[in-house]
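Look over the sequence and the structure first, then read the points below.

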Amino acid sequence: MMWWLRARRAHTRLPLGFLMFTLLAAIVQDTPLFLPSIWASGAEIVQAVTLVPLVLTSVLFDCLHTRLDAAETTGIRPVRFFDVLLTLGTVALALAVGEVIAMATGAASAETLGRNTAFLAGLTLLCGALFGRSAVLVPALWPLIGVLFGMRAAGDPYPWTVLLEPPGTWYASTGALLMLTVGVGAHLLSPNRFARRAA
C-alpha cells in the first residue's frame, strides 16, 4: 500500500491540503461573501466557508490523477479500492474538522464542511471517471454555478445546489451522500476510461 501512497503523493499533498483547509475554515468562519447572481439583484450573499472544501477536493483530484500506469494497468493490485478509501477518509476527516471548528468557534456554517466536501469529492470522482484530468474545473466551478443559476430568490437556493443549503438540511445531506455514492461507483466501474483520459 505504501507504493500506492507514494504514487499518488498523498502522503505529502493531502496533509498540506488539510492544513490549508483547516486554517481557512478557522479563519473565515461565518464571514459572508458577495458573489454575482442572475436572480438576486446582481449579488448573492453566501458563506465564505462554502468555498473552503475546494482546497481539499482539488488536492484529492490531483492525487488521484498522479499515476504509475505500468503498475496500475496490470489489474493485480486493488488500486481503485485504495482510491475510494482515500476519498472516504478525506471526507471523514473533513467532517471531523468541521464539527471541531463549529464547537470551538460557534461558527454554525463550519458544520457544512463535511457535507460539502462529500458532495465535491463525489463530483470529483464522477467527473474524473467520465472526462479525466480535464474535468478538474467542474467541481471548482460548482459553487459559482449554484450562485449564478441556483437561486429561486435571495437566500433561497434550489435543492440541487447542495453547497448553498444551511447546515442540518436533510435533503442537502442526502444529495451529498448520493453524489459521493455515484462518484465512488463511477470510479470503481470505469478504471480503463479513467486511466486512458488521465494520461
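Which residues in H2 meet which residues in H5? Ala-10, Leu-14, Phe-18, Phe-21, Thr-22, Ala-25 and Ala-26 in H2 meet Leu-86, Thr-90, Leu-93, Ala-94, Val-97 and Ile-101 in H5. Contact means heavy atoms within 4.5 Å. The contact residues of H2 with H5 are 11 nonpolar, two polar and no charged. Nonpolar covers Ala, Val, Leu, Ile, Met, Phe, Trp, Tyr, Cys and Pro; charged covers Asp, Glu, Lys and Arg; the others, Gly among them, are polar.

This is a predicted model: local features need pLDDT of at least 70, side-chain atom pairs count only at pLDDT 80 or more, and totals for chains, interfaces and linings use all residues. Residues are numbered from 1 along each chain as its sequence is written, and side-chain values use heavy atoms, leaving out hydrogens and water.

**How H2 and H5 cross**
- Helix H2 spans residues 10–28 and helix H5 spans residues 79–105.
- Their axes come within 11 Å and cross at roughly 25°.
- H2 is therefore roughly parallel to H5 (angles under 35 degrees count as such).
- The crossing of H2 and H5 is right-handed.

**Thr-87**
- Thr-87 is found in helix H5.
- Thr-87 is buried, with a relative accessible area of 0% (buried means under 20%, with a 1.4 Å probe and protein chains only).
- Not counting residues up to four places away in sequence, Thr-87 touches Leu-60, Leu-64, Ala-121, Leu-125 and Leu-180.

**Annotated regions**
- An unreviewed UniProt entry gives the annotation "transmembrane region" to several stretches, including residues 113–131 and 136–155.
- Residues 113–131 are 100% helix and 0% strand.
- Residues 136–155 are 65% helix and 15% strand.

Conventions:
Axes are lines fitted to C-alpha atoms, for helices over the stretch in contact, and angles run from 0 to 180 degrees between N-to-C directions. Helices (H or I, at least four residues) and strands (E, at least two) are DSSP runs, numbered from the N terminus. Angles under 35 degrees count as roughly parallel, over 145 as roughly antiparallel, 65 to 115 as roughly perpendicular and the rest as oblique. A crossing is left-handed if the near helix is turned anticlockwise from the far one by less than a right angle, and right-handed if clockwise. Buried means under 20% relative accessible area, exposed over 50%, partly exposed in between (1.4 Å probe, protein chains only). UniProt positions are given in the numbering used here, feature names are shortened, and annotations may be inferred rather than shown by experiment.
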